[in-house]
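Subject: Structure handover

Hi there,

Here is the structure I promised to pass on to you. Please open it alongside this email, and my notes on what turned up follow just below.

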Amino acid sequence: MSAPKKLFIKTYGCQMNVYDSERMAEALGGEGYVETKSPDDADMILLNTCHIREKAAEKVYSELGRFKGLKAEKPDLKIGVAGCVAQAEGQEIMRRQPLVDLVVGPQSYHRLPEMEAKARTGEKVLDTDFPEEDKFEKLKNRPKAKRGPTAFLTVQEGCDKFCAFCVVPYTRGAEVSRPADRILREAQDLVERGVREITLLGQNVNAYHGAGLNGDMTLAQLIWELDKVDGLERIRFTTSHPNDMQDDLIEAHGTCAKLMPYLHLPVQAGSDKILKRMNRAHTAESYLRLIERIRAARPDILISGDFIVGFPEETEEDFQATLDLVEEVKYGTAYSFKYSTRPGTPAAERAQVDPAAADDRLQRLQALLTKQQREVQDSMVGRDVTVLFEKAGRFPGQMVGKSDYLHAVHVADCDRAIGDLARVRILSSGANSLAGALIEK
Ligand code: 5AD
Ligand code: SF4
């Protein structure tokens, strides 16, 4: 038997890409590939790319340039670009970087084995179609390999919202939800392989409306079905749009014990003028009232968000409205970005904000968000939380896991195994994590 071929995958961007990279590795696993951690000994290199901001796309080209020497040494090495840059700039990639053999868009990963075979014959292969079939159904799992205690599971892809700054509706296409029975089967399989916590993924996950036995299901209904899966202890979901936060989902946060008290709910900006120009279809006030309702259902929920500063036509006053909104919500964690022009999106045509002003606003927003994050993390000291252990710590006897609120927690003198859940009293709050002790039963 010949030695297995080696596959190196580098993943950029969101959790959806992390999930997709796993599926690609499984698809090529069926063709005799095993994963390697280094590009140097790879027979195939795949970059699973992100197109959300300009910097993310540019990184791909500089990374590709670095493989020139490797390819010269090893002519059989095949280099592929997957993900959203592949979808958006497929032809352009082939033109700009001749060492690329294969370009595959996010909807075509199930065709990777055939594409790889073609690339091996020396052909250049490009597939960025949006086929009708369910790509996940075609991506067979390998024999039941054991997994870590947490996993992602994609339940819907694409987005119909068309926020004026965003490429997702173009790169990932229209919103498509997977049927519930397939998701439940995949969840069951993950649990059999050791998974205790599943994060349901979708670009617009709370718009989920996949087919169920009695018609389309909401995300909350899907969560209640997953709640019945024995051995599955925790459910999370990301990313949500405020306008799709339906009543049953809000209610589930108060009543479903497996649904974790953490919600990533991007608002992007706090000025109604900017929200309107972003085509967000909600106001600052409607977002704040929504947060109130969610907190009424689950008072201890940790709220996370995304923000863009320096969106075209943002004034200092508009930016102040973002700071005011942040003050009112009090975020447990947040991601904030300087607006990045994406060709082909409506906002790209508009008058841009002075970059120095945008930098300054980003710094001020990040200072406030960091302060809030600190306060929320510090407020955990003295509280009892449940921790799902994910790995051994740096010190003997120490274990590291995540609390219900997604904080990393270090526990010393811990006799529990990876995948165990335990009640932990939080004793101190460090730079990026908490430390606690097991509460003996
Ligand atoms: N510029 C800056 N940030 C962006 N995001 C999406 N598109 C852009 C852009 N053009 C941010 C949004 C989104 C997150 C995933 O990335 O905040 O919620
Ligand atoms: Fe992009 Fe999210 Fe807006 Fe969809 S809802 S267009 S993914 S920012």
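The count of aromatic pairs comes to four, where rings of Phe, Tyr and Trp (its six-membered ring) pair if their centres lie within 6.5 Å, and planes under 30 degrees apart count as stacked, over 60 as edge-to-face and the rest as tilted. Before the details, please note that this is a predicted model, in which local features need pLDDT of at least 70, side-chain atom pairs count only at pLDDT 80 or more, and totals for chains, interfaces and linings use all residues. Residues are numbered from 1 along each chain as its sequence is written, chains are lettered from A and ligands numbered from 1 in the order in which they are written, and side-chain values use heavy atoms, with hydrogens and water left out.

**Aromatic pairs**

One of the pairs joins Phe-162 and Tyr-170 edge-to-face, at 5.6 Å centre to centre and with 75° between the planes. Phe-162 is partly exposed at 37% relative accessibility, and Tyr-170 is partly exposed too, at 39% (buried means under 20% relative accessible area, exposed over 50%, partly exposed in between, with a 1.4 Å probe and protein chains only).

Phe-311 and Tyr-339 also form an edge-to-face pair, with 5.4 Å between centres and 75° between planes. This pair links distant parts of the chain, 28 residues apart: Phe-311 sits in the loop between β15 (302–309) and α13 (316–329), and Tyr-339 in the loop between β16 (333–338) and α14 (355–378). Helices (H or I, at least four residues) and strands (E, at least two) are DSSP runs, numbered from the N terminus. Phe-311 is buried, with a relative accessible area of 0%, and Tyr-339 is buried at 9%.

**Helix α5**

Finally, Ala-117 lies in helix α5 (residues 112–120) and is partly exposed, with a relative accessible area of 40%. Ala-117 and Gln-107 are 10 residues apart in sequence and 19 Å apart in space, C-alpha to C-alpha.

Best wishes
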